[in-house]
Amino acid sequence: MSALLQSYVAGRWYAAPDEGTPLLDAATGEEVARVSSTGLDVAAMVAYAREVGGPAVRGLTFHERGGLLKALAKHLGVEKDHLYDLSARAGATRRDAMIDVDGGIGTLFSYASKATRELPNDTVVLDGPPEPLGKGGTFVGQHLFTSRPGVAVQINAFNFPVWGMLEKLAPAFLAGLPTIVKPASPTAYVAEALVRQIIESGLLPEGALQLVSGSAGTLLYELGPQDSVAFTGSAHTANVLRDHPSIATGGVRLTVEADSLNCSILGPDVTADDPELDLFVKGVVTEMTAKAGQKCTAIRRVLVPAGMADTVVGALRDRLAKVTVGDPTDPEVRMGPLASLAQRDEVRKAVEALRSTADVVFGDPDQVEVVGAEAERGAFLGPVLLQARPGATEPHDVEPFGPVSTVISYETLDDAVALAARGRGSLVGSIVTHDPDVARTLTLGLAPWHGRLLVLDRDDAGESTGHGSPLPVLVHGGPGRAGGGEELGGIRAVLHHMQRTALQASPDMLTAITGRWTTGGARRDDGTHPFRKSLADLRVGDTIASESRTVSREDIDRFSDLTGDTFYAHTDEVAAAANPLFGGIVAHGYLVVSLAAGLFVDPDPGPVLANFGVDNLRFLTPVKAGDDIAVTLTVKQITPRATADYGEVRWDAVVANGEGAPVATYDVLTLVAKSWDA
Ligand code: NAP
């Protein structure tokens, strides 16, 4: 008997006392492993996540969490061959496994880098600028995101055991949540191996990741209002979960990534001689055959102008005829088996249903020539292309989760949009056209029905990542039938796990709570220029109020000469006088900012290493020759970098004129040494 997969529970591996359910090799039918969660103490898992994992993760800053994800990604990169071998047993060719394994590791790298670049080195995220709520400036609002003291339960589908786990784990971990992952049973041996690699690496804090091998049992009953369930799988299971008491009435958040009848649309502008036709056909065949069509993002509906239907069907048949099916470890084989015999039976049933309103124009769901394996022992099924009859309904309703697509003709662009919408909401759609008007019309029609859209033509094809690849920086998820959930999309996915709260307080209270100086808050001038202070000494609120200086006409003329910016408002008295906003010559905004720098800098070598930009620059009041200006510079935010001996300091800069009116406001961004010996 093969080995029983174990669960990882409260810091130890747990083996169920029974024999478990056998999991079979997709190509040979041999037993790979057994799976059971009998006797699993799910209450202990949830308690351990809340009491041990959560506090440990939330004790780290976003940058520290990002650092651990990066280290984990590197570690898994070294260990990945074992995952490749196991993926082959689930029917994945090497290329299929790359999508899953390397795609998952790449997602970890992407989140690690986003965490350090886009999140503060803190445990709280500020959402937008402060909102003034009172005329006197003493009452201010600020949105902020905090970590929930809960558990992220992640229930995954069988088709991406590695990517599916890592793409959910990374944002949850960054958000400060411990994860309990429940992989799909048919490929649970790949997921168990991955969790073993993660646990054995020792990189994640204890309790940050636990594993359920086998059924979830009563896990969801243990959850409460600070917990969440992120589900990927069929619409049927999603509906079961939606009705679960913990979700229906218990306040547990549910995110659903369900099935999807994605379409690819060939634009009416594309002729048989255009490169877009080939791109379209290649895209469809790739999506039908990668992972043997077991991708939630695969193209199920191929929408073509009626006049091009025969051409497209002919080109698809030619290409599909070259697809070899067989042993996934054979490098000559393009497409492996489906993940299980049960899955193959499901797809056969789906094709049967599709046949009620569509005709098979390529392939046979009941027979396929197989290379390097015994066809009857494995879950082999060759590509099947159907062509919809007029008025067909099933192609818009039935998801064949395998290498199956249906060609559907459309007459007009409105017709194409209406057909796409009959999928009732999809993860992704693609539009293949070289006509910008077609692209805009279809995009505006399709976007409300889709989570992601690819517009493909000869210009972006070389670099395009293709129709079916969710990317860590782009949103994955779709409306309606696709589940209504949203994952990935960079830091958005992290924030989905956190609680946004509108905080109302005085500027000083906001400064103390958020760590970011708030306009109206106390400023500190202890007589030392803040540019003489390293990060060790610098404090939020440290301020320098400069001397004032007069801006002369000569300054304006010299700046025009030096920069070549001779825009009439700075040089032509008559034309400037006629300008309705200025009524005369005004100083260049950039001159004001440059003069302000001259007013606030401390020129000698010191801990301030560089200025790397300004944010939020606004010119508020024109400065005319003879006006005085002065600047107040205040430390707004200090972000030490975990991996460098310096950090970022954001300064609030307000340039005011002689009447005290602000003429320019902006944030100055600098790099400042952590320590400095004068
Ligand atoms: P599934 O049968 O719905 O199973 C998905 C997961 O739910 C599995 O881990 C399964 O565990 C678990 N599950 C089933 N019943 C449950 C319950 N009552 N309580 C808690 N968990 C439960 O889907 P699948 O066959 O694995 O995956 C294929 C489907 O997923 C397709 O329809 C495909 O379109 C969709 N999919 C969507 C996406 C996306 O991102 N939108 C990605 C991939 C796949 P067991 O395996 O142990 O039963």
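A polar contact is a pair of N or O atoms within 3.5 Å; within protein, one must be able to donate a hydrogen and the other to accept it, and residues adjacent in sequence count only if both atoms are side-chain atoms. The model is predicted: local features need pLDDT of at least 70, side-chain atom pairs count only at pLDDT 80 or more, and totals for chains, interfaces and linings use all residues. Residues are numbered from 1 along each chain as its sequence is written, and side-chain values use heavy atoms, with hydrogens and water left out.

View 1. An N or O atom in the side chain of His 476 sits 2.8 Å from a ligand oxygen. Lys 182 places a polar side-chain atom 2.9 Å from a ligand oxygen. Ala 184 uses a backbone N or O atom, 3.4 Å from an oxygen of the ligand.

**View 2. The Phe 158 and Phe 401 pair.** Seven aromatic pairs occur in the structure (ring centres of Phe, Tyr or Trp, its six-membered ring, within 6.5 Å; planes under 30 degrees apart are stacked, over 60 edge-to-face, the rest tilted). Phe 158 and Phe 401 are edge-to-face, because their ring centres are 5.7 Å apart and their planes lie at 85°. Phe 158 is buried at 14% relative accessibility (buried is under 20% relative accessible area, exposed over 50%, partly exposed in between; 1.4 Å probe, protein chains only). Phe 401 is also buried, at 14%.

**View 3. Other aromatic rings.** Phe 160 and Trp 163 pair edge-to-face, 5.6 Å centre to centre with 70° between planes. Both are buried. Elsewhere, ring pairs join Phe 531, Phe 600 and Trp 651 into a cluster.
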